[in-house]
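My notes follow the display.

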Amino acid sequence: MEIRKAASSDIESMQQLIQQFAEIGLMLPRTVKSLCEHLQSFTVAVDNGRVIGVAGLHILWKDLAEIRSLAVEPASHGHGVGRQLVRQLVQEAEQLGIAQVLSLTYQTQFFEKLDFHVVRKESLPHKVWKDCIYCKKFYHCDEVAMVYYTRYYDRFQATKEA
Ligand SMILES: CC(C)(COP(=O)(O)OP(=O)(O)OC[C@H]1O[C@@H](n2cnc3c(N)ncnc32)[C@H](O)[C@@H]1OP(=O)(O)O)[C@@H](O)C(=O)NCCC(=O)NCCS
């Protein structure tokens, strides 16, 4: 299995993967247009030439990035694919000097295993909620906000307090 940046030829598979979970309310759907526009932010897991997992890193602010559209095909669940995708995105955020990586999720146990911590949604900046207007759960969002603190976190806090 290979973890690599997404390519244009992956878009159809990425959309299908996301769509099956969007249909059961686990994530927002993605149009081909939106996948094209944000292609550079996506990473895929590929097994024998087939896309079996996808995840995107969306930069929200200087100190904050969000993991979006994380999906692993059901047949590959429990084999470490999700973990590798998230680790890759966290590494990418660190390479960009970002202090916090956010996930809005129902998969709290999965993210806890990857050292994410539950935070109060009210503690997050307003820009996090910009795309929530597209979600049918806008008025009764029950996703949990979880954050991973990268090695830049202490440095960022010190700058803020100085
Ligand atoms: C959540 C998801 C990405 C996890 O992917 P995965 O490849 O099955 O996860 P991994 O095999 O890497 O799991 C890593 C660890 O988390 C655990 N884990 C994974 N999913 C879990 C779950 N739903 N509940 C509890 N633990 C879970 C695994 O058992 C493993 O634990 P271990 O380190 O003790 O072995 C996958 O289940 C999925 O695509 N779900 C549907 C879409 C979704 O909800 N996406 C998240 C949107 S934020």
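This is a predicted model: local features need pLDDT of at least 70, side-chain atom pairs count only at pLDDT 80 or more; totals for chains, interfaces and linings use all residues.

**Ligand shell.** I looked up which residues surround the ligand. There are 20 of them, and L70, G80, G82, R83 and K113 come nearest. By type, I noted nine nonpolar, nine polar and two charged residues in this shell.

I then checked oxygen atoms of the ligand. A backbone N or O atom of G80 is 2.7 Å from one such oxygen. For H79, a polar backbone atom lies 3.2 Å from a ligand oxygen.

**Cover.** On its own the ligand has 910 Å² of accessible area, and the protein covers 76% of that. I listed the elements that give two or more residues to the shell: β4 (64–72), α3 (81–95), β5 (100–105) and α4 (108–113).

E37 pairs with K33, with the closest N and O atoms 2.8 Å apart. Both sit in helix α2 (residues 32–37), and because they are four residues apart, about one helical turn separates them. K33 counts as exposed, at 56% relative accessibility.

R151 and E94 form a salt bridge at 3.9 Å, N to O. This pair joins distant parts of the chain, 57 residues apart: R151 is in the loop between β7 (144–149) and α5 (153–161), and E94 is in helix α3.

E122 and R120 meet at 3.4 Å, N to O. I recorded E122 as exposed at 62% and R120 as exposed at 54%.

How values were computed. Residues are numbered from 1 along each chain as its sequence is written. Side-chain values use heavy atoms; hydrogens and water are left out. A residue is near a molecule or strand if one of its heavy atoms lies within 4 Å of it. A polar contact is a pair of N or O atoms within 3.5 Å; within protein, one must be able to donate a hydrogen and the other to accept it, and residues adjacent in sequence count only if both atoms are side-chain atoms. Accessible areas come from the Shrake-Rupley method with a 1.4 Å probe; for residues, only the protein chains shown count as cover. Ala, Val, Leu, Ile, Met, Phe, Trp, Tyr, Cys and Pro count as nonpolar, Asp, Glu, Lys and Arg as charged, and the others, Gly among them, as polar. A salt bridge is a side-chain nitrogen of Lys or Arg within 4 Å of a carboxyl oxygen of Asp or Glu. Buried means under 20% relative accessible area, exposed over 50%, partly exposed in between (1.4 Å probe, protein chains only).
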